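Reader: I have the sequence and the 3D structure open beside me, and I would like to go through them with you by question and answer. Please give the cut-offs as we go.

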Amino acid sequence: MLKLTAIDGGVLVDPFGSVYAYGVILDGIVGAHGDSSRGSRYNSAITYHESKADEHQLMIVIVSEDSTVDIIPNLRDQIKRSEIQRSIQLFEDLSIESDNIGNFNHLMQWFKTKRFYLTASECEKINELRRNFESQLKGRTVSIIFQDLVPDPQMNDSYYEEEA
């Protein structure tokens, strides 16, 4: 792979590691997930992946002239569904006490970092609990304002780890 990526251009690889092309320039317009601050090599690869991902499972390795390496798709880690459920339960159990404000903020930050993994019903539950807690805090202390969490349309069950 090091020798293939040393050549100017992209490397097209299937999920099983078979290389279909190297040194390719994938020309096209900047796609929905492109980045205008990046070069044509990166943006062309993004556009190509967007146009072909429905037809084929595809992985692209991009080695840019600035020595950055990108892999598309940029897959997220898997997490345990029980982590989310446990955190929601902790959130439900919070009472409006001054020592719980820190726990409230900590849990909201955790949900914010894990928002990709939250289902629509989990987002609704967290948002409702957050609004209830915030309404009880109103006027009692300075607090952080958190935005509503919304489900990510790209999330699916493949991002959950198998639980023993």
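Author: One definition comes first: buried means under 20% relative accessible area, exposed means over 50%, and partly exposed lies in between, with a 1.4 Å probe and protein chains only. This is a predicted model, in which local features need pLDDT of at least 70 and side-chain atom pairs count only at pLDDT 80 or more, while totals for chains, interfaces and linings use all residues. Residues are numbered from 1 along each chain as its sequence is written, and side-chain values use heavy atoms, with hydrogens and water left out.

Reader: Which pattern does the protein chain follow when read along the sequence?
Author: Helices (H or I, at least four residues) and strands (E, at least two) are taken as DSSP runs and numbered from the N terminus. On that basis the protein chain has 5 helices and 4 strands. Read along the sequence, their order is α-β-β-α-β-β-α-α-α.

Reader: What percentage of the residues in the protein chain is buried?
Author: The protein chain exposes about 10,900 Å², of which carbon and sulfur atoms supply 50%; accessible areas come from the Shrake-Rupley method with a 1.4 Å probe, and for residues only the protein chains shown count as cover. Of the 164 residues in the protein chain, the buried share is 35%.

Reader: How many salt bridges are there?
Author: A salt bridge is counted where a side-chain nitrogen of Lys or Arg lies within 4 Å of a carboxyl oxygen of Asp or Glu. By this rule the count is 5.

Reader: How many residues apart in sequence are the parts that D157 and R81 tie together?
Author: D157 and R81 form a salt bridge in which the closest N and O atoms are 3.0 Å apart. Because D157 lies in the segment after helix 5 and R81 in helix 3 (residues 81–93), the pair ties together parts whose separation in sequence is 76 residues.

Reader: Are D157 and R81 buried, partly exposed or exposed?
Author: R81 has 29% relative accessibility, so it counts as partly exposed. D157, with a relative accessible area of 56%, is exposed.

Reader: Which residues do salt bridges that share partners join into one network?
Author: R131 also forms a salt bridge with D148, the closest N and O atoms being 2.9 Å apart. R131 lies in helix 5 and D148 in the segment after helix 5, so this pair ties together parts that are 17 residues apart in sequence. R131 is partly exposed, with a relative accessible area of 40%. Through shared partners, salt bridges join into one network R130, R131, E134 and D148.

Reader: Which residues does N105 touch, leaving aside those up to four places away in sequence?
Author: N105 is placed in helix 4 (residues 100–113), and with 19% relative accessibility it counts as buried. Contact means heavy atoms within 4.5 Å. With residues up to four places away in sequence not counted, N105 touches I144 and F146.

Reader: How far apart in space are Q57 and D14, C-alpha to C-alpha?
Author: Q57 lies in the loop between helix 2 (40–52) and strand 3 (59–63), and at 61% relative accessibility it counts as exposed. Not counting residues up to four places away in sequence, Q57 touches D14 and P15. Q57 and D14 are 43 residues apart in sequence, and their C-alpha to C-alpha distance is 6.4 Å.

Reader: Where is I7, and is it buried or partly exposed?
Author: The place of I7 is in the loop between helix 1 (2–6) and strand 1 (10–13). With 38% relative accessibility, I7 counts as partly exposed.
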